[in-house]
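This briefing concerns helix packing and ligand contacts. Please consult the sequence and the structure shown here.

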Amino acid sequence: MTFKELGLSEALLKAVADQGYETPSPIQEKAIPKILQGQDVLASAQTGTGKTAGFAMPMIQLLAKEPPRQRRPIRALVLTPTRELASQVLEDVQNYSKYVDLRSTVIFGGVKQNPQVDQLKRGIDILVACPGRLMDLESQGFVDLRQIEFLVLDEADRMLDMGFLRDIKRIIAMMPLKRQNLLFSATFSSDIRKLANGLLTNPVTVEATPENTTADRVDQIVYKVDQARKTELITKLIWDGNWHQVLVFTRTKHGANRLVQKLEKAKITAAAIHGNKSQAARTKALANFKKGEVSVLVATDIAARGLDIPLLPYVINFELPNVPEDYVHRIGRTGRAGAAGIAISLVSVEELEYVRGIEKLLGMPLVQEIIEGFEPTKGPVEGGKKRMHGKGGNTSGGREIRNNNTTNRNNGNTNRNVRQKSRSKGGDNRN
Ligand code: AMP
């Protein structure tokens, strides 16, 4: 399937070519023709599937069919849970609308409102926004949603987790009833289904990855280790492997700060990104990480939501999330855009119940291993076949994941085999 066959116009095809995309991703293949036909869409897709282009490109094409109206009323609204995601969506929207006459901007809290108000006053066709600041600017009379034709809820599950349901409902009430609605969510709780039922009219359902599964390019592994020794182990893994571009998740903001300090002490460049950091600090940390000036970004779940870091090779869960869906979101940061990734979880005995919850959600067991010298001192170590890695030698702190790490773990099998095994539901992929 080509982008042209999906029905995209020349202006969009040119923008796609500029981005270097060769073929549509599965979510794009399914969603683009339906959106172009004017249908509402309920999509199950996590970050990394190409979902943004999946909704933005057809929406831009439909909006561009009409010449710009006088004073440019807002015709499309994309709601996102976090500032980072909002910025990234805007960047994508601007890339795809390069060759059409549409204006777009983004509004979110934590920064001065005046520049955002100035943008709005100039007239904006596509507005990307986080619910809080949008409500704020609407109440001050700077945002008028009465001419909205498109509403996109991006990462709707996360917006509900963050308590935005009431705001979303109020925002919807400000719009005309006749409009096209697109709802994207990585997971489908009953709350999301309820929201979708109230919002969408005869929606087409599209799925990028089968529901509640993790990206199949990601090798997932659990290292069992005492909580008190996690810092030591993570330092060893990063040092031995000479890993760069590592995204580490902690459960708390304090935990993130503490870990950054300890990594810095061990001469590993690191930065934290979490809700207590100012927007400027978060943007700077992410930029430095992308440039390679910082090897390790330590994030909490909310802050990391929607981060667009192409080709991220490593995700490490320093602590497991207590909500299994967050695990799926976290490891959605790796194995993107055709590249392989590895997701490592450092799991103490206290966290083993979370492993079970995650395995249940994924419908498959996770590989559980123990690194020699880091054997847990307490609790059960069964629940996964034990594998011991020797010191020095080729522990999975070894390097280039594609060459020796996974090969090592899989006794010579290729990465592909690992992934296929991981996917067979209920199959034992623990070697
Ligand atoms: P998203 O899931 O929207 O966060 O997109 C993930 C990444 O994939 C972004 O960096 C996009 O630029 C990229 N991307 C989107 N569509 C394609 C495509 N068809 N081919 C290659 N990369 C793509």
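The points below are grouped by topic, beginning with the basis of the values.

The model is predicted: local features need pLDDT of at least 70, side-chain atom pairs count only at pLDDT 80 or more, and totals for chains, interfaces and linings use all residues. Residues are numbered from 1 along each chain as its sequence is written, and side-chain values use heavy atoms, with hydrogens and water left out.

**Conventions for helix pairs**

- Two packed helices are described by the angle between their axes and the distance between the axes.
- Helices (H or I, at least four residues) are DSSP runs numbered from the N terminus.
- Axes are lines fitted to C-alpha atoms over the stretch in contact, and angles run from 0 to 180 degrees between N-to-C directions.

**Helix 2 and helix 3**

- The axes of helix 2 (residues 26-36) and helix 3 (residues 51-64) cross at roughly 25° and come within 9 Å.
- The two helices, helix 2 and helix 3, are therefore roughly parallel to each other (angles under 35 degrees count as roughly parallel, over 145 as roughly antiparallel, 65 to 115 as roughly perpendicular and the rest as oblique).
- Their crossing is right-handed (the near helix is turned clockwise from the far one by less than a right angle).
- Residues in contact (heavy atoms within 4.5 Å) include Ile-27, Gln-28 and Ala-31 of helix 2 and Lys-51, Phe-55 and Met-59 of helix 3.
- By class, the contact of helix 2 with helix 3 has 11 nonpolar, 3 polar and 1 charged residues (Ala, Val, Leu, Ile, Met, Phe, Trp, Tyr, Cys and Pro count as nonpolar, Asp, Glu, Lys and Arg as charged, and the others, Gly among them, as polar).

**Helix 3 and helix 4**

- Helix 3 packs against helix 4 (residues 83-96) at about 45°, with the axes 10 Å apart.
- Helix 3 and helix 4 are therefore oblique to each other.
- Helix 3 passes helix 4 in a right-handed crossing.
- Helix 3 contributes Thr-52, Ala-53, Phe-55, Ala-56, Met-57 and Ile-60 to the contact, and helix 4 contributes Val-89, Asp-92, Val-93 and Tyr-96.
- These residues divide into 8 nonpolar, 1 polar and 1 charged.

**Ligand surroundings**

- There are 14 residues around the ligand (a heavy atom within 4 Å), of which Tyr-21, Gln-28, Gly-48, Gly-50 and Thr-52 come nearest.
- A polar side-chain atom of Gln-28 lies 2.8 Å from a nitrogen atom of the ligand.
- A backbone N or O atom of Thr-23 lies 2.9 Å from a ligand nitrogen atom.
- For Lys-51, a backbone N or O atom lies 3.3 Å from an oxygen atom of the ligand.

Conventions:
Polar contact = N/O pair within 3.5 Å; in protein donor to acceptor, adjacent residues only side chain to side chain.
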